[in-house]
Amino acid sequence: ILIPALQTSDSESVDLEDDLEESACLTESKMNENKPGDSQNLACVFCRKNDDCPNKYGEKKTKEKWNLTVHYYCLLMSSGIWQRGKEEEGVYGFLIEDIRKEVNRASKLKCCVCKKNGASIGCVAPRCKRSYHFPCGLQRECIFQFTGNFASFCWNHRPVQIITSNNYRESLPCTICLEFIEPIPSYNILRSPCCKNAWFHRDCLQVQAINAGVFFFRCTICSNSDIFQKEMLRMGIHIPEKDASWELEENAYQELLQHHERCDVRRCRCKEGRDYNAPDSKWEIKRCQCCGSSGTHLACSSLRSWEQNWECLECRGIIYNSGEFQKAKKHVLPNSNNVGITDCLLEESSPKLPRQSPGSQSKDLLRQGSKFRRNVSTLLIELGFQIKKKTKRLYINKANIWTSALDAFRNRNFNPSYAIEVAYVIENDNFGSEHPGSKQEFLSLLMQHLENSSLFEGSLSKNLSLNSQALKENLYYEAGKMLAISLVHGGPSPGFFSETLFNCLVYGPENTQPILDDVSDFDVAQIIIRINTATTVADLKSVINECYNYLELIGCLRLITTLSDKYMLVKDILVYHVIQRVQAPFESFKQGLKTLGVLEKIQAYPEAFCSILCHKPESLSAKILSDLFTVHTLPDVKALGFWNSYLQAVEDGKSTTTMEDILIFATGCSSIPPAGFKPTPSIECLPVDFPVGNKCNNCLAIPVTNTYKEFQENMDFTIRNTLKLEKEESSHYIGH
């Protein structure tokens with residue numbers, strides 16, 4: 001009987017092999033068979049199991065309206081279904097009719113493990129005929145890849161880790177649980193791709209991946225995330241797109257926000273007590289620059305200003321005893337030049353075409369859960385800790401802001417972590433004269449140029465364009481770098497990103513679906529509209545025939561059998577035109593955004609950064625400006641009253657200037673930067689006839705007049721004409 005069996009076809013041989021290998025599994029599977037009754041309605045339509053184990057099978061979802069229950073992983077890994085709907089449609093974007101078709105298809109396939117029908121998952125190896133249920137595949141140590149095209153491999157064709165030589169004669173500890181294991185790669189034993197002496201249990205890795213999520217899952221030895229995650233995804237480790245479990249705890253890091261605010265010197269001179277802290281006065285508390293756990297009032301240690309260094313007695317003794325009599329160096333965060341920022345937490349998002357991310361429910365949690373929300377200004381201030389006291393002066397020509405900025409940032413001596421000082425120069429000035437400039441004004445002008453440059457396309461919400469010359473000159477990288485520097489150094493945010501561009505940066509292009517509004521090319525938009533509005537198959541085919549050359553060129557030609565095929569065709573065109581076409585500019589732009597760790601911060605807190613990258617700042621009001629400007633000198637009461645009345649008149653439209661004009665006149669910015677102004681905008685009341693704006697110090701000197709009418713006329717005249725003159729000087733370049 002065995003001899004003829006050996007001479008059968010490949011598929012029959014596989015079936016015979018499965019019969020011999022799975023006889024024991026068959027008995028066990030019968031024991032796990034769902035019992036008849038009401039509980040049968042809660043069984044997954046694919047695997048026929050009632051188990052509700054999210055870590056093992058994914059979330060169990062029941063749609064009572066359609067009498068349908070499904071495990072998410074069973075649905076996700078099924079070979080013949082695609083995610084055609086939006087996330088809220090059907091089950092995670094899988095349409096109900098598609099699910100029923102897939103169940104019907106799977107009902108004709110026998111599982112090679114439990115021998116029951118309904119095996120919706122097939123091995124992707126060529127000529128392999130094995131099909132199985134998801135739980136049965138786990139039981140037989142199949143590998144399911146939660147990335148790319150969601151491939152699954154049977155036990156004979158699953159990927160393996162190849163180790164060229166085994167120098168480990170003795171057992172080594174799992175670097176997670178520390179139990180000793182044999183250092184031989186197998187299904188249950190995996191080795192780190194970046195550290196030769198790091199070995200893991202598969203179960204330990206999977207638990208760690210679920211707890212850490214894509215943001216924090218990395219090698220336990222070298223902390224590499226990029227190479228490590230790629231290898232673990234290849235070997236079937238599921239890395240959910242969610243924040244780490246320890247980040248979900250309420251106020252998990254609350255203690256880190258608490259600063260030491262107490263005077264600890266032997267004799268405190270403050271009558272209000274050691275805990276009294278009055279900023280911008282001699283009773284402001286200064287912390288030890290070395291340990292930060294001791295403090296002093298400025299007056300109690302004879303410090304002239306907050307900028308002066310101070311060490312507590314313990315730290316001073318350590319410094320002096322070690323022979324270091326120089327100033328103790330402050331600890332700074334590593335800058336982008338010294339750190340491999342390619343280890344960015346979301347550098348390689350799990351590609352999920354054509355299906356959306358399996359962690360979309362986690363993304364929704366990130367968007368909605370208040371415990372994840374952090375103020376964007378706080379996040380930017382944290383990034384600002386990298387800025388050193390060492391200053392780099394940039395020589396900027398306001399009439400040629402882009403070229404001079406490009407030269408300054410490309411200078412080999414420029415370091416993004418150095419403090420920026422701006423000096424304005426005039427082109428072709430033989431005397432070489434220069435005058436101090438406002439850093440925030442310079443960054444504001446630079447952001448205006450970027451918004452109107454050929455690197456981006458679109459009206460209000462912009463995407464990256466395809467500019468071959470700019471790509472050749474590496475300008476997309478420079479643009480990303482400039483945006484990152486502006487955010488960290490206190491400049492304005494862009495506010496013109498489309499949500500599609502933002503989602504590509506945060507979740508990866510593979511997980512982003514463009515919309516028609518992202519298409520700025522009129523001809524392409526018309527093609528999409530015509531395809532989308534076709535009412536019959538004949539009309540649809542007619543449009544395709546007319547656009548045949550274009551569709552063939554971009555690789556979007558597809559066989560049309562039903563009218564509903566037009567939706568996939570439109571989706572393909574959008575993905576190509578908005579994402580695939582600009583893949584090279586996008587990668588270059590993303591590398592630039594990694595400067596000072598900005599991209600990593602954006603990906604970690606997308607909700608906070610979406611508000612400043614995709615939306616313009618809120619309109620200024622009289623109250624906002626009144627609260628923004630502080631009075632630093634003894635004011636003239638009448639002039640101060642005139643100032644408040646003037647703000648109200650501007651807000652009511654009774655003035656020729658706007659709120660933005662006032663802010664530009666005083667600071668050089670038309671909006672309040674996300675990280676705030678430094679120094680804080682102030683008002684001085686001086687005996688002058690016309691207002692004076694000092695953009696370097698963000699100071700506005702208002703005139704002292706006898707009447708409010710005279711005050712308003714002088715303010716309007718000066719602000720309007722000053723800004724008009726500045727605009728005329730630079731208008732010939734901005735937009736080139």
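Is Lys 590 buried or exposed? Lys 590 is buried, with a relative accessible area of 6%. The model is predicted, and the values below are computed from it.

Glu 587 is partly exposed, with a relative accessible area of 31%.

**Salt bridges across the chain**

The whole structure holds 17 salt bridges. Three of them are set out here.

| Pair | N to O distance |
|---|---|
| Asp 275 and Arg 262 | 3.2 Å |
| Glu 451 and Lys 616 | 3.0 Å |

Take the salt bridge between Glu 451 and Lys 616. This pair links distant parts of the chain, 165 residues apart. Glu 451 belongs to helix H14 (residues 439-451). Lys 616 lies in the loop between helix H24 (606-613) and helix H25 (622-628). Glu 451 counts as buried, at 19% relative accessibility, because the cut-off for buried is under 20%. Lys 616 is partly exposed, at 47%.

Asp 275 and Arg 262 also meet in a salt bridge. Both lie in the loop between helix H9 (226-234) and strand E11 (285-287), so the pair ties together parts that are 13 residues apart in sequence. Asp 275 counts as exposed, at 53% relative accessibility. Arg 262 counts as partly exposed, at 34%. A further residue joins in: Arg 262, Asp 264 and Asp 275 are linked in a network of salt bridges.

**Nonpolar cores**

In soluble globular proteins, nonpolar side chains tend to be buried together. Here the largest nonpolar core has 78 residues. Phe 442, Phe 589 and Phe 609 have the most contacts inside this core. Helix H16 (residues 475-488) supplies the largest share, 9 residues. A second, separate core has 36 residues, among them Val 113, Ala 119, Tyr 132 and Phe 146.

Which residues does Phe 442 touch, not counting those up to four places away in sequence? Its contacts are Leu 394, Ile 396, Ile 401, Ala 405, Phe 409, Val 422 and Tyr 424.

Technical notes
Residues are numbered from 1 along each chain as its sequence is written. This is a predicted model: local features need pLDDT of at least 70, side-chain atom pairs count only at pLDDT 80 or more; totals for chains, interfaces and linings use all residues. Side-chain values use heavy atoms; hydrogens and water are left out. A nonpolar core is a set of buried Ala, Val, Leu, Ile, Met, Phe, Trp, Tyr and Cys residues joined through side-chain atoms within 4.5 Å. Buried means under 20% relative accessible area, exposed over 50%, partly exposed in between (1.4 Å probe, protein chains only). Helices (H or I, at least four residues) and strands (E, at least two) are DSSP runs, numbered from the N terminus. Contact means heavy atoms within 4.5 Å. A salt bridge is a side-chain nitrogen of Lys or Arg within 4 Å of a carboxyl oxygen of Asp or Glu.
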